[in-house]
Amino acid sequence: MDSRNYSSFIDLVRGNINLEDEIFDVTESSPLLVEDSPLNDEVATSKKKQARGVNFSVEEDKLLVAAWLNTSVDPVYGNEQHKTTFYGKVAKYFMDHKTDSTRSVASLTTRWGTINRETVKFVGSLAKIEAKNESGTTAHDKIEKAKELFKEIHGSVFQFEHCWLILKDYPKWASTMPRGDSRKEMPQTPDLIDQGVGVDGIMDFERPIGRKAEKANRKRKDDGKDIATEYLKKKMKVLEEGCVAEKERVRIKAEKFRLQELKENERIMMLDTSGMNEDQKDFYDGLKKEILAKQRSSHSLG
């Protein structure tokens, strides 16, 4: 067997290779490093064997899970990052939220591989328990039985329940157990949660689509905005034209009324009252005075 293939096989058996890399398109085909990050030198040498450090605490595990999730759900870059770049960003996120940490990229990468591998195994045990569909069994009972089955199958105790509680609502680690709330939200970051109680508030959130699909969606939304804007412009133009037409219609109507009034006034002023009785003469004489007074008033204002 080729020595390189043999070494890779040994790494896989020991858990140094993460199977989710293939699922999430995180490859090592390019030596691209995380730009603008103080971890560049460390990323470049992350494959070097280092001495075993202090065991990870529960809070460190939770922070590492949050770092992995928040990096992997990036809507534009999460799906299509090279392995070195991806885990460099995970490490940077981890360091940004735990400034006193001395964990290396290699250490964080290996720890995540262990968390993921063991959690996937536990999900498998839980699925077997759920498949039995035993009546009267609560969700807590199923979890406890899954722990017992895990120990029976793998010969060790499941040590990452605190991580599973965060990951269980994500597709890869989901089981068939009912959820109290299926609303989809972005995972909370350590900036928004109390690290003392962990990051258990993360709700169901589907993995993002790839960069090209996301950009295409954004372009469609922008095109939709342009169409809506154009429609509103046309609608406003129609309304404005309708308003102008209405004003013109009112003006014409007013002009017709003025001409009719002028014609009537002219008839009254030219009316011969010599053959009328006194009452008729007084009526038309009064109208003539009103017409003359109105005309003088309009001339003075003009």
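Which residues does methionine 269 touch, not counting residues up to four places away in sequence?

1. Some background first. This is a predicted model, in which local features need pLDDT of at least 70 and side-chain atom pairs count only at pLDDT 80 or more, while totals for chains, interfaces and linings use all residues. Residues are numbered from 1 along each chain as its sequence is written, and side-chain values use heavy atoms, with hydrogens and water left out.

2. Now to the opening question. Methionine 269 touches Lys288, Ile291 and Leu292 (contact means heavy atoms within 4.5 Å). Methionine 269 lies in helix α9, residues 211-269; helices here are DSSP runs of H or I with at least four residues, numbered from the N terminus. Its C-alpha atom is separated by 5.8 Å from that of lysine 288, 19 residues apart along the chain. Methionine 269 is partly exposed, with a relative accessible area of 29% (buried means under 20%, exposed over 50%, and partly exposed in between, with a 1.4 Å probe and protein chains only).

3. Have a look at the pair α5 (residues 83-97) and α6 (residues 105-132), which pack at an angle of about 100° with their axes 9 Å apart. Axes are lines fitted to C-alpha atoms over the stretch in contact, and angles run from 0 to 180 degrees between N-to-C directions. The two helices are therefore roughly perpendicular to each other, a label for angles of 65 to 115 degrees. From α5, Tyr87, Ala91, Phe94 and Met95 meet Val105, Leu108, Thr109 and Trp112 of α6.

4. The largest nonpolar core has 34 residues, and Val65, Trp68, Trp112 and Ile115 have the most contacts inside it. Such a core is a set of buried Ala, Val, Leu, Ile, Met, Phe, Trp, Tyr and Cys residues joined through side-chain atoms within 4.5 Å. Two or more residues each come from α4 (58-72), α5, α6, α7 (139-154) and α8 (161-167), and α6 gives the most, with eight.

5. Helix α4 deserves a glance too. 13 of its 15 residues are buried, so α4 is largely enclosed by the rest of the structure. From first C-alpha to last, α4 reaches 21 Å, close to the 21 Å expected at 1.5 Å a residue (the expected span is 1.5 Å times one less than the number of residues).

6. Finally, visit asparagine 133, in the loop between α6 and α7. Its phi is near 50°, a positive value in a residue other than glycine. Most residues other than glycine have a negative phi. Asparagine 133 is exposed, with a relative accessible area of 61%.

How values were computed: Angles under 35 degrees count as roughly parallel, over 145 as roughly antiparallel, 65 to 115 as roughly perpendicular and the rest as oblique.
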